[in-house]
Amino acid sequence: MVSDSVPISRSEARAIRKSVLGPAWWATSQIVLLVWTVLVAVPIVWTFLASIKTEVELDDAWSLPAVPRFDNYARAWEQAHIGQYMLNSILVVAFGVAGTMLLGSMAAYVLSRYRFRGSRLLYLLFVSGLAFPVYLALTPLFFVVQNMGTVPVIGQFIGLNSHGGLVLVYIAYSLPFTVFFLAAFFRTLPTAVAEAALVDGASHTRVFFQIMLPMAKPGIVSITIFNILGQWNQYQIPLVLLAGAKEKWVLTQGIADISTAAGYDADWAALFAALSMAILPMLIVYTIFQRQIQAGLTAGALK
Amino acid sequence: MRYGSSRFIIGFLAAPVLIYAIYVIAPYAQAFYIALTNWRGVNATPEFIGLENFRRLFGDGIFWKAVGHNALLLVLLPVLTLGIALFFAFLLNVGGKSGVSGIWGSKIYRVVFFFPQVLAIAIVAALFQQVFRPDSGGMINSVLPEPVGFLSDPDIALWSILGVLVWQAVGFYVVLFSAGMASIPKDLFEAAAIDGASRVSLFFRVTLPLLWDTIQVGWVYLGIAALDVFAIVWVMTAEHGGPDSSTTVMAAEIYRNAFHYFQFGYASAMGVVLFFFTVGFAALALRLSRRERVEF
């Protein structure tokens, strides 16, 4: 290493380092970082504060509430249907992510570990979905889902304004990244265990579910977190596919609607309460799982 | 694998390929054809009109405004976000008292900085609409001597959007760059510091070249994000892209033309233009930023 060639002792080196990166540098760094911490935290804390104020108190942005008004939360939950929207979001994301992970890991496994004619082409087809802007597909997608609604028997569950239709679309649009990421992951796993199990007479399906999937757990966890956040935060697709059924809306739609359509007689206090109810669960989950969430979201960029 | 069974392969691929073909491949393929039709209205029959939509698009002032706004974001969002994030990551990882260790509190800073990233952009947009309110109820305007029309002044509104996007994105790249910096051997910084390198040259001569791969990935991510901006404009601004089209973007115009005006052909033509911008940008970014990789 370079440092070996420098003819000075360790203590001398430490002294030089201190003089180069001294206490003034340390203090400046802390101040700069604190400023950004404040910039990030203040809008969120301010929203929490505003959520327990009355309409009159909201006219003064920085006033404290005389009494905390938790009835704002009740109004947002009931009258602005935030409770319903949150439940819808949970439902759609639960099925969407479960389906994405099941189908995505199956496709990624086969495409990464089996050689057959067209395997490379199929893989490229999935991965090419990463490069396409979803806005290009928006119009035809609307009509595809509308047509799916006319399929006999199951149509009513997967057409426009249905959660089933939204779930299928979420799965389809989550597949490119999921397949891309998991295929790379499966390729790094050793083959010996799986081959031994196959020799012993285990079926391919069993090898996948009982051997390969457990071995791929770290990758599965990362990409599951990535998909949960991605589908939970989706706004554009439900805006198109659930436009005609307000009771089916997801949380992002519900909150955006209070914010945009409200006008002058809007219930701002309820909006702040709704925002707080959307942010608070994320804050709690994030605080508990921040390591996994950071790893999951940055995993794709580090590949 | 040697024991390949075609029945297993087909069984595992059937469902994902079917769903992907119906909901992703088919819509993208159709979009290019719809762009060549005059399809208007939910029940109308589309008629082939060649490149007419693109000719009309060429003279559409609002669309070019949108393209201009996307272009501005395409340049400034990566520059600001990556610049700030690199600076913070450098402070966090090389700013410690002992010179090259993590600064005191670096874990907490990273946790706080990253949080906006987990929030939905639609929710962030609704939140900042209140933060930017022009009256005494606005978080910022209530403490300013003169009210600023963060969202109502056409000259300022786009900058407010850029600000919020940077606010949300910086933490992600701080974490990303921190991970990259943590993998750079500490001896390199020590050696440079002993040799008398200043903080500025430590940053530009050591950190930056060794992080180049990660920066390149961030550049592509943020560029594509800038081309795909929608929710923040649609939710936060007046008239969904206003005032007076001063904040509108391509995605908002596509959505507006398709689902407000029901001009499906015209909206698809816009989508095709956006597609070529995206592919062009990705190709350009990867080509321009290609340089010799530093091994360590």
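User: What is the handedness of the crossing in which α5(A) passes α1(B)?

Analyst: In this predicted model, helix α5 (residues 82-113) of chain A passes helix α1 (residues 6-34) of chain B in a left-handed crossing. The term left-handed applies because the near helix is turned anticlockwise from the far one by less than a right angle.

User: Which residues of α5(A) and α1(B) meet?

Analyst: From α5(A) come A:Leu103, A:Gly104, A:Met106, A:Ala107 and A:Val110, which meet B:Ile9, B:Phe12, B:Leu13, B:Ala15, B:Pro16 and B:Ile19 of α1(B). By class, this contact has 10 nonpolar residues, 1 polar and no charged. A:Gly104 is among the residues that meet, and Gly counts as polar.

User: How many residues of chain A and of chain B are in contact?

Analyst: The contact joins 82 residues of chain A to 87 residues of chain B. Helix α2 (residues 23-50) of chain A gives the largest share of the chain A side, with 13 residues. That side divides into 60 nonpolar, 17 polar and 5 charged residues.

User: What makes α5(A) and α12(A) oblique to each other?

Analyst: The axes of α5(A) and helix α12 (residues 217-232) of chain A cross at roughly 140 degrees and come within 9 Å. To count as roughly antiparallel, an angle must be over 145 degrees. The two helices are therefore oblique to each other, and their crossing is right-handed.

User: Which residues make the contact of α5(A) with α12(A)?

Analyst: On α5(A) they are A:Ser89, A:Val93, A:Gly96, A:Val97, A:Thr100, A:Met101 and A:Ser105, and on α12(A) they are A:Ile220, A:Thr224, A:Asn227, A:Ile228, A:Gln231 and A:Trp232. The contact comprises 6 nonpolar and 7 polar residues, with no charged residues.

User: At what angle do helix α3 (residues 61-94) of chain B and helix α11 (residues 250-259) of chain B pack?

Analyst: These helices pack at an angle of about 145 degrees, with their axes 8 Å apart. In α3(B), B:Ile62, B:Phe63, B:Ala66, B:Val67 and B:Asn70 meet B:Met250, B:Ala252 and B:Glu253 in α11(B). The contact has 6 nonpolar residues, 1 polar and 1 charged. B:Glu253 is one of the residues in contact, and Glu counts as charged.

User: Which helices does chain B have, and how many strands?

Analyst: Chain B has 12 helices and 0 strands. Along its principal axes, its C-alpha trace spans about 75 × 75 × 30 Å.

User: What are the domains of chain A?

Analyst: The domain assignment gives domain 1 (2-50) and domain 2 (74-302). Their contact takes 4 residues from domain 1 and 4 residues from domain 2.

User: What pLDDT do the elements of chain A have?

Analyst: Chain A averages a pLDDT of 85, and 90% of its residues score at least 70. Among its elements, α5(A) has the highest mean pLDDT (94), whereas helix α1 (residues 10-20) of chain A has the lowest (56). Over residues 1-6 of chain A, pLDDT stays under 50. For the complex, the predictor gives an ipTM of 0.88 and a pTM of 0.88.

Definitions and conventions
Residues are numbered from 1 along each chain as its sequence is written. Chains are lettered from A and ligands numbered from 1 in the order in which they are written. This is a predicted model: local features need pLDDT of at least 70, side-chain atom pairs count only at pLDDT 80 or more; totals for chains, interfaces and linings use all residues. Axes are lines fitted to C-alpha atoms, for helices over the stretch in contact, and angles run from 0 to 180 degrees between N-to-C directions. Helices (H or I, at least four residues) and strands (E, at least two) are DSSP runs, numbered from the N terminus. Two residues are in contact if their C-beta atoms, placed from the backbone, lie within 7 Å. Domain bounds come from an automatic or database domain assignment. pLDDT is the predictor's confidence in each residue, from 0 to 100. Angles under 35 degrees count as roughly parallel, over 145 as roughly antiparallel, 65 to 115 as roughly perpendicular and the rest as oblique.
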